[in-house]
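I set out to look up a few features of this structure. My entries follow.

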Amino acid sequence: MIRINRDRLWDSLMELARIGAYQDAATGLTGVKRLSLTDEDACARRQVIAWMTEAGLKVRVDRIGNVCGRRAGTDDALPCVLVGSHIDTVATAGAFDGTLGVLGGIEVVRAFNEHDILTTRPIEVGFFTEEEGVRFGTDMLGSAVTAGRLALDYAHKLTDDDGKTVAGELARTGFDGSEPERRPVPFAYLECHIEQGPILASAGVDVGIVTGVQSISWQRLLLRGAAAHAGTTPIGHRQDAGLAAAAVIMEIRRMCESGEFGELRGTVGKLSFEPGQTNVIPAAATLTIDLRVPDDAAMTAAESHLAGFVAGLPGSYGVTGSLERMAKTSVVRFSPDVQALLAETASELGLPYVTAMSGAGHDAQEIAAICPAAMIFVAGENGGISHTPREYSNPTACGNGVDLLANAVLRLAGPAGNFGDS
Ligand code: GLV
Ligand code: MN
Ligand code: MN
């Protein structure tokens with residue numbers, strides 16, 4: 001079994017976290033803000049490409065800005081083993097979300113180089129554009145385009161809150177590559193990612209094998225009422241878009257607690273009022289709705305219930321509502337064969353593990369549409385909290401996760417015939 005260099009992995013994680021670092025007032029901690037295709041993201045991209053190049057990888061950039069570095073196999077015509085994740089972050093991130101999979105992949109290559117390990121299949125390490133969806137409104141954007149679920153043109157035309165397009169920002173940052181976005185189909189895909197939840201830590205294990213990803217639905221809801229004076233307009237005469245927004249938020253919570261929609265989780269993470277003044281009843285409210293549930297039928301039922309509730313708002317509040325789709329993914333189940341290979345490899349490494357479904361979205365769920373894919377989870381401290389600077393996975397857990405990644409890559413890319421070759 002090969003072991004990666006844990007200090008070197010940790011140093012890379014900490015160094016990358018300096019790009020986009022900020023002082024987070026809410027936690028008093030240093031966080032990371034590196035939204036996709038911003039200057040900070042471009043700077044981090046250049047750093048990661050430099051590390052890829054130093055590790056001997058041949059780097060290419062595709063038309064949606066996904067970056068991939070390739071290590072040749074002894075039979076280089078065979079489909080590669082692809083390892084990847086993302087380096088863009090939410091605006092209040094820690095150092096590990098996404099970066100562990102990318103820098104872990106580079107560390108696997110460094111370790112193979114050091115131990116003179118050649119593989120039959122080529123190995124590629126990549127990162128995908130706008131996994132978080134925070135800037136342009138659609139998560140797993142780069143991987144979804146690569147997998148063919150979303151069209152390149154659709155992705156290029158998406159805009160941020162300032163009206164800047166993905167295409168424009170790709171060009172501005174120099175990441176408007178020329179490689180085709182529908183990349184050659186890999187032999188298999190592996191992604192090592194922090195768990196972002198409490199399951200592994202409660203079980204007392206550092207690593208997990210991910211069975212799949214739950215369904216995710218993102219919608220934007222625009223509510224329109226009427227502005228009026230806060231002091232003079234009788235309560236019964238109001239068309240208060242703010243009140244309607246509050247009703248929607250409460251209904252989502254009720255839906256989650258009701259049990260009617262399985263294990264539904266619902267979040268309104270972004271809300272704004274117009275005209276947004278203390279003494280003016282809101283004429284409009286815009287909110288985002290994030291629904292997640294590990295069951296497609298439950299998601300269909302939840303979405304249609306929500307649409308019905310919105311349709312009833314004119315009657316209850318004198319406010320109209322229109323829902324706009326931002327993103328939607330169905331439940332994805334990862335390859336049982338790759339999961340079994342991970343389980344066997346973990347056992348041989350002496351790493352206890354649990355299996356878990358992912359609550360978060362991941363590039364692996366997109367790539368799973370084109371090749372066998374699976375994920376390794378790494379435990380987090382503070383209850384596995386993530387999307388805040390409190391996110392923290394210790395060096396041992398990260399090292400164990402990437403050891404598992406390295407040995408699984410070796411098995412997948414090793415002598416032809418050891419995994420599904422004919
Ligand atoms: C990605 O981080 C997600 O929102 O699940
Ligand atoms: Mn992530
Ligand atoms: Mn994330």
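I count a residue as buried when its relative accessible area is under 20%, as exposed when over 50%, and as partly exposed in between. The model I worked from is predicted.

**Metal site.** I then looked up the manganese ion (ligand 2), which lies 3.6 Å from the manganese ion (ligand 3); Asp-97 coordinates both. Asp-97 sits in the loop between strand S5 (81-85) and helix H3 (99-114), whereas His-387 sits in the loop between strand S16 (373-378) and helix H13 (395-413), 290 residues apart. Asp-97 has 5% relative accessibility and is therefore buried. His-387, at 37%, is partly exposed.

**Ser-143.** I placed Ser-143 in helix H4 (residues 141-146). Is Ser-143 buried or exposed? Its relative accessibility is 0%, so I recorded Ser-143 as buried. The side chain of Ser-143 reaches the backbone oxygen of Met-140 at 3.4 Å. Leaving aside neighbours within four places in sequence, I listed contacts of Ser-143 with Asn-66, Phe-128, Asp-363, Glu-366 and Ile-367.

**Cysteines.** How many disulfides are there? I counted zero disulfides. Cys-192 is in none, and the nearest cysteine sulfur, that of Cys-398, is 7.7 Å away; a disulfide would require the sulfur atoms to be within 2.5 Å. Cys-192 is buried, with a relative accessible area of 0%, while Cys-43 is partly exposed at 32%.

Technical notes: Residues numbered from 1 in each chain as written. Chains lettered and ligands numbered in written order. Predicted model: local features only at pLDDT ≥ 70, side-chain atom pairs only at ≥ 80, totals over all residues. Heavy atoms only, no water. Buried < 20%, exposed > 50% of the residue type's maximum accessible area, 1.4 Å probe, protein only. Helix = DSSP H or I, 4+ residues; strand = E, 2+ residues; numbered from the N terminus. Polar contact = N/O pair within 3.5 Å; in protein donor to acceptor, adjacent residues only side chain to side chain. Contact = heavy atoms within 4.5 Å. Donors = N, O, S within 2.8 Å, 3.2 Å for Na, K, Ca; no water.
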